[in-house]
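Thanks for making the time this morning.

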Amino acid sequence: MHARLAHDFERFGRGLPRAAAAYVREAYGVDLTARYLGYSIPHPIGKGSGQLSLNAEQLETDRQAGLAFAVLKTVIAEDAAGERSMGAWAVREARMRVERRRARDGRVGWTVTWKGRGWDRPFEDYLALVRTAGDLTRDGALLAVPSATYHLPRLDEPFRESEYRHTTLRLAEAWGGGVLPLEQDFSPTLAGDSLAGERARILRWLREVPVQLRGAGGPTPLRLALKLMNARFDDAFQREMMAAAAGADALVCFNRLWDGSSKVAYGGWDLSERNLRVLREARRDRLARPGGAASPTLVGTGNICSGRLVLDYARAGCESVELHTFFQLPLAEYPASAGSRTQRALHVLLFHPVDGLVAGMLELEAAGVLHRRGGELRFLDVCATESPCA
Ligand SMILES: Cc1cc2nc3c(=O)[nH]c(=O)nc-3n(C[C@H](O)[C@H](O)[C@H](O)COP(=O)(O)O)c2cc1C
């Protein structure tokens with residue numbers, strides 16, 4: 001198996017097959033089927049919302065690469081008059097710097113330094129992109145999911161329902177039929193803002209945003225993921241946030257950290273360290289109360305730069321993962337010699353003979369923690385709550 005993996009890694013570096021997951025199943029008896037917001041996807045690796053999903057060309061490149069899903073850039077909600085309560089989040093900023101960042105434990109990883117926030121073009125342009133996303137999703141070409149940030153009130157204020165209704169209805173119309181998948185982003189810049197300075201206010205948002213959104217899209221059924229921020233409080237509060245967000249269908253855990261001194265969001269090893277620590281603690285909480293109410297499914301995000309990291313998030317309960325930074329590295333950082341950045345990233349994440357996802361699953365099997373069922377190793381067995389893997 002190892003020799004075969006080394007050979008595949010070498011040859012796929014010159015061109016990754018689009019149906020890589022089908023190949024992995026056939027060649028290694030490894031079923032990478034994963035789940036994102038109720039959709040079955042061929043493998044767990046998707047793209048997080050951001051600057052890499054701003055237009056139809058980027059989606060087409062991702063479709064060709066065989067990415068499992070892509071979340072569109074976050075749009076800032078508006079009401080019928082075009083008023084945006086979160087308008088301060090729609091700032092224009094083109095310049096991004098992909099840089100090394102040393103974590104507190106000394107490990108050096110990558111981060112993207114960028115001062116921008118949400119979608120900065122007209123809402124109509126976003127709706128055109130959502131039309132493309134709906135078509136791609138229904139055709140089975142690429143699951144492509146809109147993302148939005150809606151009004152988040154202070155404790156003594158009501159939610160601006162008109163903004164929730166108008167934006168969700170327009171998104172549903174543009175989507176064009178069937179269930180509308182949607183992420184609501186609680187961004188790191190929000191975590192760094194005085195608006196998120198109070199715990200009670202954040203918990204109220206997480207409890208009430210799903211209520212506001214259900215039904216806001218008219219007859220279109222909604223599947224809702226809340227992308228939780230790393231709030232400026234302790235790990236226990238992160239878990240409180242997860243519990244408060246029980247009305248969502250999925251939770252994306254957790255968006256980037258906030259550097260209060262340089263006023264930028266950042267990633268790297270500090271981010272995965274914190275996210276995995278909180279997710280593992282949350283998993284222990286869930287295991288301690290079997291038979292409790294069904295909780296939202298989990299999607300991991302943060303410093304996923306190898307198949308091993310995908311498995312770390314899976315062992316903490318995540319059924320899929322969303323990457324951003326790893327799709328932005330300088331070309332020389334990818335071992336593949338050809339293909340788009342998405343293809344080159346998938347190549348090393350899936351096939352690296354030591355740190356890749358397939359190698360990691362075979363290693364779990366050899367260690368006796370993951371077992372074949374019907375002759376196959378299954379990715380979703382790694383994430384199952386009752387799995388002995390974690
Ligand atoms: C330049 C940049 C822009 C981003 N914009 C958004 C956004 O608009 N909405 C959102 O939900 N997440 C956004 N993110 C967060 C990413 O989707 C991702 O969850 C986060 O960066 C952690 O993953 P990573 O370590 O692989 O980058 C952005 C990230 C970066 C680096």
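What you see is a predicted model, in which local features need pLDDT of at least 70 and side-chain atom pairs count only at pLDDT 80 or more, while totals for chains, interfaces and linings use all residues. Residues are numbered from 1 along each chain as its sequence is written, and side-chain values use heavy atoms, with hydrogens and water left out.

The chain has 13 helices and 16 strands, these being DSSP runs numbered from the N terminus, with helices (H or I) of at least four residues and strands (E) of at least two. Its radius of gyration, taken over C-alpha atoms, is 20 Å, close to the 21 Å that the globule rule (2.2 Å times the number of residues to the power 0.38) gives for 390 residues, so the chain is as compact as a globular protein of that length. Its C-alpha atoms fill a box of roughly 60 × 45 × 45 Å along the principal axes.

Turning to the interior, 57% of the 390 residues count as buried, meaning under 20% relative accessible area with a 1.4 Å probe, protein chains only. The largest nonpolar core has 126 residues, a nonpolar core being a set of buried Ala, Val, Leu, Ile, Met, Phe, Trp, Tyr and Cys residues joined through side-chain atoms within 4.5 Å. Helix H4, residues 123–138, gives the most to this core, with 7 residues.

Which residues have the most contacts inside the core? They are Tyr36, Trp205, Leu226, Met242, Phe351 and Phe379, where contact means heavy atoms within 4.5 Å. Leaving aside residues up to four places away in sequence, Leu226 touches several residues, including Phe186, Leu206 and Val252.

Conventions
Buried < 20%, exposed > 50% of the residue type's maximum accessible area, 1.4 Å probe, protein only.
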